[in-house]
Amino acid sequence: MRLGVKTLALVVLFSATGISYAGNVGPDEVKLVDGKIAMSLTGSNGDAAKGRDIFINRKQGNCLACHVNKEISEQAFHGKVGPPLDGVAGRWDEAELRAILVNSKKVLGEETIMPSFYRLINGTRTMKKFKGKTILSAEQVEDVLAYLKTLKEE
Amino acid sequence: MNINIKILSATVGICAISVSLIGQAFADADNDKLVVDGKVITTQAKAPADSELEKLYSGWRFRADETQSLQMDDFENPAFVAVDQAEDQFAMVEGKAGKSCADCHSDVTDFKGLRATLPRWNEAKGKPETLEHIINECRTDRMEAKAWKWEAPEMLGMTALIGLQSRGMPVAVKSDGPMQSVWKKGKDLYYTRVGQLDMSCASCHENNYGKMIRADHLSQGQINGFPVYRLKWGGLGSIHRRFKGCMQNIRAKPYKRGSDEFVALETYLATRGNGLSVETPAVRN
């Protein structure tokens, strides 16, 4: 019961301030070492079901724009700019996948077209409404990560 | 017998090789031929020596058959409604000088070849000029009429009509002389990563053309068919409108239509298509 109230308070704080990273590791505090981020950005595990939605959503992860993923076969049109993500959990461990999501450039190479979802950029001329904001929140990154960890089958 | 089998297997071998070669060459663009009114229009060209691209392909080659076919017949091409209206407009008197375009340019076919060379340097103004600039200069300075907005239906129709006169001719835009600095600026813009998604034009149109990005087949982002009739827009749109849309998709603040930046980008992109045919007015989805 007490826990419930606390969580609620945290949520309220988060949405009220928009870009405060209350309780989470902020994008400038992330420790990415040797292509890995060991610690959860929120201190807890993400929700794989939510992560799946974020993966699909064109205004959030929009991962299907570039990746084929058989597990989401109900959606038409999977892009082919990047490799298929079937079985991706067997190729990268959790800390590596988190690093790819947070800052793809540091793991896949500076030239990669894959967006960095939890980095404050920095491409010039970012639209006002996205300035100073990460593409995904810390929670959303952990949710997508939890979902990616379920992709074990090639 | 023995020999026969050898020859046979050699033939099979050769077939396999040529199939895989074709497979490679056309993995990106499809292999369709654009024929309009019995006239073949080249949709691929050798890349210029300094090009980053191996081969040049028109955007037409990346579109689905249904979209492609709309461009193969002027009666089906929805852009021709605007082209017909522009023909009437050409003969219409407007402005304080009491003149129509036709009073000074007896026939619109006089503009044959022009589209293929734009943008170009305007010596008197000491600036580069696009087709929109040229038309508006005639309107304001020579007709004493109001300039058309960049994306006005009249401007789109007129640029389509004038562009059409060069259809099938190879694009040959200059990047030397006074255009060099404009071209260089355009090139810098092309390779600059912008927006929250942190991509450059090259991220999609140079490094990934031929691949599907969700439901879209990425092309080289060539501009030889503009203004294009886009089914999504339900009408004609300018080159700069497309630039704007692509920048917004990566969450970057676009430059304004007609801005120095977009004129420079247009110049650079035009030269990336040198050798492709003018296809105005093209049809896109």
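Predicted model: local features only at pLDDT ≥ 70, side-chain atom pairs only at ≥ 80, totals over all residues.
A residue counts as buried when its relative accessible area is under 20%, as exposed when this area is over 50%, and as partly exposed in between.

Most residues other than glycine have a negative phi. B:Asp198 is not a glycine, yet its phi is positive, at about 60°. This residue is found in chain B, in the loop that runs between helix 7 (180–191) and helix 8 (201–205). The relative accessibility of B:Asp198 is 6%, so the residue counts as buried.

In chain A, a positive phi of about 60° is found at A:Arg125, which is not a glycine either. A:Arg125 is placed in a loop of chain A, with helix 5 (104–108) on one side and helix 6 (138–148) on the other. Its relative accessibility is 26%, and A:Arg125 therefore counts as partly exposed.

Peptide bonds were considered next. Most peptide bonds are trans. The bond from B:Leu118 to B:Pro119, however, is cis, and its omega is near 0°. B:Pro119 belongs to the loop between helix 4 (101–104) and strand 5 (120–122) of chain B.

A cis peptide bond also links B:Phe226 to B:Pro227, with omega near -5°. The loop that holds B:Pro227 lies between strand 8 (216–217) and strand 9 (228–230) of chain B.

Methods. Residues numbered from 1 in each chain as written. Chains lettered and ligands numbered in written order. Heavy atoms only, no water. Helix = DSSP H or I, 4+ residues; strand = E, 2+ residues; numbered from the N terminus. Buried < 20%, exposed > 50% of the residue type's maximum accessible area, 1.4 Å probe, protein only.
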